[in-house]
Amino acid sequence: MAGRLHPVRTLGSALLVAGMLAAAPVCALELGHSRLVSAPNQLFTLDVGIRQISPEESLSLKVAPAPLSAWQQAGLTPPVDLDSLRAFIERDEQGQVRRIRLSSEQMFSGSVADVLLQIQSDSGQFLHQVSVLAPAPLTVRPVAQDQVAR
């Protein structure tokens, strides 16, 4: 019987794990699509959508750019000076959270904006990382007269 599991011990272990999972706080916040709102070489603005959030968690939600040590540990570089980066929670008419907006008074001219947010509510705290591609700058070239005549 060396290779067989004892059914009572296996069931007991499974129930213990299930009980621990049931007792763990459940985060009802689900983040959605993120997009860079600002055009190249404009003041940095990025939106992080909220896909789902409970009313209770909506009341206690706090968002801020993660501290520099967390950025360094993750191997990321803020898109603008970290001290200039601000996070705002935008709500609808009923007070429900709709999105998180990050903004800065500094211009962003990179091709990828890495963002690391520290999100906290009554159900816990976590870091959220997102990387967003900046739209390629549009270049318009005048058409030469000889190309038009062809």
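These are my notebook entries on a predicted model of a single chain.

**Entry 1: confidence**

I looked up the pLDDT before anything else. The chain average is 82, and 76% of the residues score at least 70. Residues 10-25 fall below 50, and beyond near neighbours in sequence I find two contacts for this stretch in the model. Where pLDDT is low, the predicted coordinates should not be read in detail.

**Entry 2: layout**

I listed the secondary structure next. I get four helices and seven strands, and along the sequence they come in the pattern α-β-β-α-β-α-β-β-β-β-α. Of the contacts with a separation of 6 or more, 57% are between residues 24 or more positions apart. The chain has 150 residues, and 33% of them are buried.

**Entry 3: the sheet with β6**

Which strands make up the open sheet of three? I read the order as β3-β6-β7, with antiparallel pairing. β3 (62-65) and β7 are the edge strands; each has a single partner strand, so one side of each has no neighbour in the sheet. From one strand to the next the twist averages 25°. I counted four bridges for the antiparallel pair β3 and β6. Within this part of the model, V63 is placed opposite I119 of β6.

**Entry 4: strands β2, β4 and β5**

I then followed the pairings of β5. With β2 it pairs in the antiparallel sense over seven bridges, and T45 has S103 in β5 as its bridge partner. Strand β4 (residues 86-91) also runs antiparallel to β5, joined by six bridges. R91 is opposite V97 in β5. β4 and β5 form a hairpin with five residues between them. In its turn, G95 has a positive phi of about 85°.

**Entry 5: the core**

I looked up the largest nonpolar core and found 29 residues in it. Those with the most contacts inside it are L36, F44, L46, I100, L102, L117 and I119. At least two core residues come from each of β1 (30-36), β2 (42-52), α3 (68-74), β5 (97-108), β6 (112-121) and β7 (124-133). β6 gives the largest share, five residues. In soluble globular proteins, nonpolar side chains tend to be buried together.

I took L102 as a worked case. Not counting residues up to four places away in sequence, L102 touches F44, T45, L46, L85, R86, A87, V115 and L117.

**Entry 6: S121**

Is S121 buried or exposed? I find a relative accessible area of 11%, and it counts as buried because the cut-off is under 20%. S121 belongs to strand β6. Its side chain makes a polar contact of 2.6 Å with the side chain of E57. Leaving aside neighbours within four places in sequence, I list E57, S60 and L61 as the contacts of S121.

**Entry 7: N41**

Phi of N41 is near 60°, a positive value in a residue other than glycine. Most residues other than glycine have a negative phi. N41 has 46% relative accessibility; this is between the cut-offs of 20% and 50%, so I put it down as partly exposed.

Terms used
Residues are numbered from 1 along each chain as its sequence is written. This is a predicted model: local features need pLDDT of at least 70, side-chain atom pairs count only at pLDDT 80 or more; totals for chains, interfaces and linings use all residues. Side-chain values use heavy atoms; hydrogens and water are left out. A nonpolar core is a set of buried Ala, Val, Leu, Ile, Met, Phe, Trp, Tyr and Cys residues joined through side-chain atoms within 4.5 Å. Buried means under 20% relative accessible area, exposed over 50%, partly exposed in between (1.4 Å probe, protein chains only). Contact means heavy atoms within 4.5 Å. pLDDT is the predictor's confidence in each residue, from 0 to 100. Two strands pair if DSSP finds at least two bridges between them. Axes are lines fitted to C-alpha atoms, for helices over the stretch in contact, and angles run from 0 to 180 degrees between N-to-C directions. A polar contact is a pair of N or O atoms within 3.5 Å; within protein, one must be able to donate a hydrogen and the other to accept it, and residues adjacent in sequence count only if both atoms are side-chain atoms.
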